[in-house]
Amino acid sequence: MILKYDVIVIGGGHAGCEAATASANMGAKTCLVTMDMNKIAQMSCNPAIGGIAKGQIVREIDALGGQMALVTDATAIQFRMLNRSKGPAVWSPRAQCDRGKFIWKWRSMLDATPNLDIWQDQADELIVENGKAIGVKTIWGCELRAKAVIITAGTFLNGLMHIGRKMVPGGRIAEPAVPHFTESITRHGIRSARMKTGTPVRIDKRSVHFEDMERQDGENGYYKFSYMGEQRPLEQLPCWVCYTNEEVHETLRSGLADSPLYNGQIQSIGPRYCPSIETKLVTFPERPQHLLFLEPEGETTNEMYLNGFSSSLPMDVQIAALKKIPALRDLKVYRPGYAIEYDFFDPTQLKHSLESKVIEGLFMAGQVNGTTGYEEAGGQGTIAGINAALFAGSVGCANSASNATFELKRDEAYIGVLIDDLVTKGVDEPYRMFTSRAEYRILLRQDDADARLTEKAYQLGIAKRDRYDWWLEKKQHIEEIETFCKTFAIKPKVVNGALEAMGSTPLVYGCKLEDLVARPELNFEKLYEIVPELKAMVEKLPNRQEEIAEAAEIHIKYKGYIEREQMVAEKMHRLENIKIKGKFDYPNLTAISTEARQKLEKIQPETLAQASRIPGVSPSDINAMLVLLGR
């Protein structure tokens with residue numbers, strides 16, 4: 001049987017779901033191929049969305065018309081805004097979700113998406129003709145043909161799970177691995193390698209002594225992930241904090257000889273920023289304890305997730321060690337932690353559109369590109385889905401053309417930073433996004449993703465009219481507040497008493513309200529007492545008053561920093577405009593260093609700015625290339 005589509009998406013994880021809905025919403029006839037329709041967008045590890053920099057990515061997916069934020073808000077059982085003690089450039093939303101409800105909410109989203117079919121099957125072979133991907137064959141003998149193929153296979157490609165010395169093929173616990181498919185890709189010249197990740201034990205909450213743990217509640221304020229939709233409908237639940245101790249460590253050390261990480265069983269590299277508990281013991285032997293978070297898996301389930309205790313030690317060692325923690329002395333588990341090795345493909349062989357440089361019409365997104373995290377996967381999936389639809393030339397794509405692509409710059413989105421890092425620097429360990437990876441953090445805040453991206457998404461057709469209208473309304477109200485603050489006059493005799501009471505310097509001369517907003521010790525909440533007209537203006541807004549007021553306040557307070565960073569970004573754009581692809585014979589370019597020649601020959605950057613971000617390419621190399629270009 002042969003089924004024909006514009007775009008085929010292989011894998012129903014977070015990257016695949018975003019890719020499929022993005023492609024379909026742009027008018028491309030799309031098919032999502034998944035092994036199990038009941039595990040769509042499964043949260044393989046922690047049932048949480050967001051976190052440092054990851055939360056910004058989810059906001060960006062939402063601003064682009066994606067679904068992850070909407071699904072998260074609908075299924076969240078705890079919300080927190082991280083980094084609130086620091087500046088707004090690094091505020092990051094995070095939500096604990098109901099794992100089961102998250103899957104079914106995503107499933108309902110997919111079922112309601114026009115132009116999108118789901119095919120339950122397993123990809124077995126990529127079909128390539130004349131250097132172009134034209135479809136896949138499945139294990140059940142079906143051929144799916146398309147103009148573009150997106151691979152979002154997660155950890156399933158030749159997946160191998162480890163618990164102690166026991167090894168079982170699988171892409172996730174109780175789910176089969178996908179053999180052969182990697183080989184059908186690499187035979188065409190695409191490089192693959194292996195990575196490792198892991199997940200912790202799952203605990204029965206009925207066996208936990210919560211009285212011996214520290215309770216950690218979430219926030220019940222106005223924050224959400226999506227700029228659309230309603231406030232969180234589910235019951236909000238606490239998380240719990242406890243610590244390992246020396247007895248725990250001693251028990252764990254007794255099992256290191258059987259640890260796949262240290263007996264040679266696992267050769268691949270794991271995530272640096274999410275190490276296993278045995279890695280923590282070996283790397284930080286002087287530490288007497290390690291922090292653990294016990295987090296609910298759902299609104300009604302007894303299953304809980306022990307964050308910070310990822311492990312592939314033998315199961316009896318894991319359980320014996322955990323019972324040495326007072327709160328877990330009567331521990332019962334649903335399953336132990338395990339590690340998993342899987343195939344990924346060298347992302348330097350991708351364009352910024354996430355299309356392969358080797359096979360035309362083949363796109364890749366998610367962990368197959370060497371990343372880790374649901375959010376990084378979803379962001380890549382959104383971009384891959386948009387570009388696959390554009391590549392397919394779908395009728396519904398307003399900007400569709402044979403050479404049209406949608407790419408985000410490093411000053412436009414964390415998703416842009418993520419993809420640029422992958423394709424210019426490559427990976428030697430699972431890539432995780434942090435705010436520190438972005439040089440334009442003040443421009444990439446969690447509060448302004450819609451300002452950066454929704455207009456672009458609406459022009460593409462991926463963001464629908466209701467989302468665009470909401471952004472226009474929000475934009476108008478922000479501008480109204482900013483104009484009010486610029487023009488409202490403040491008189492010293494009216495406000496000085498209140499300013500001194502708030503620990504702020506009294507005025508000598510009159511000023512505009514924006515001058516008070518700019519003071520670090522003041523905010524809108526305090527200024528409402530001094531300027532009731534400001535409070536009245538905000539309270540008249542038809543909806544989302546707090547969100548709009550905060551966005552306006554941040555823009556006023558950090559205006560100078562924002563403008564300075566925009567100037568720096570504009571300078572870099574000049575290098576982005578200098579195209580160098582095909583203009584240099586790198587092996588014979590003696591004016592630059594040997595390392596630069598080798599790196600440039602391998603990666604073949606499109607622009608001089610991309611070349612400047614490749615490790616090993618120095619500023620002097622860039623200057624030499626500028627001279628050779630006649631600049």
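Where is the place of Lys54 in this structure? Lys54 belongs to helix H2. The model that contains this residue is a predicted one.

## Confidence of the model

Across the chain, the mean pLDDT is 95, and 98% of the residues reach 70 or more. An exception concerns residues 395-401, over which the pLDDT is below 50. Where pLDDT is low, predicted coordinates should not be read in detail.

Leaving aside residues up to four places away in sequence, Lys54 touches Thr372, Gly373, Glu375, Glu376 and Arg432. With one of these residues, Glu376, the side chain of Lys54 forms a polar contact of 2.9 Å.

A further position can be related to Lys54 by distance. Thr283 stands 229 residues from Lys54 along the chain, and the C-alpha atoms of the two are separated by 26 Å.

## Helix H10 and its surroundings

Helix H10 comprises 12 residues, numbered 414-425. From its first C-alpha to its last it reaches 16 Å, close to the 16 Å expected at 1.5 Å a residue. Just after H10, Gly426 adopts a positive phi of about 70°.

H10 is mostly covered, with 11 of its 12 residues buried. The buried residues include Tyr414, Gly416, Asp420, Asp421 and Thr424, as well as Ile415, Val417, Leu418, Ile419, Leu422 and Val423. Which helices are included in what covers the buried residues of H10? Among them are helix H2 (54-63), helix H9 (374-392) and helix H11 (449-460). Helix H19 (594-603) and helix H20 (608-612) also take part in this covering.

## Nonpolar cores

The largest nonpolar core has 140 residues. Leu126, Phe181 and Leu534 are those with the most contacts inside this core. H9 gives the most to this core, contributing 10 residues. Apart from it lies another core, of 23 residues, with Ile277, Leu292, Ile325 and Ala327 among them.

Conventions:
Residues numbered from 1 in each chain as written. Predicted model: local features only at pLDDT ≥ 70, side-chain atom pairs only at ≥ 80, totals over all residues. Heavy atoms only, no water. Helix = DSSP H or I, 4+ residues; strand = E, 2+ residues; numbered from the N terminus. Expected span 1.5 Å × (residues − 1). Buried < 20%, exposed > 50% of the residue type's maximum accessible area, 1.4 Å probe, protein only. Contact = heavy atoms within 4.5 Å. Polar contact = N/O pair within 3.5 Å; in protein donor to acceptor, adjacent residues only side chain to side chain. Core = buried A, V, L, I, M, F, W, Y, C linked by side-chain atoms within 4.5 Å. pLDDT = per-residue confidence, 0-100.
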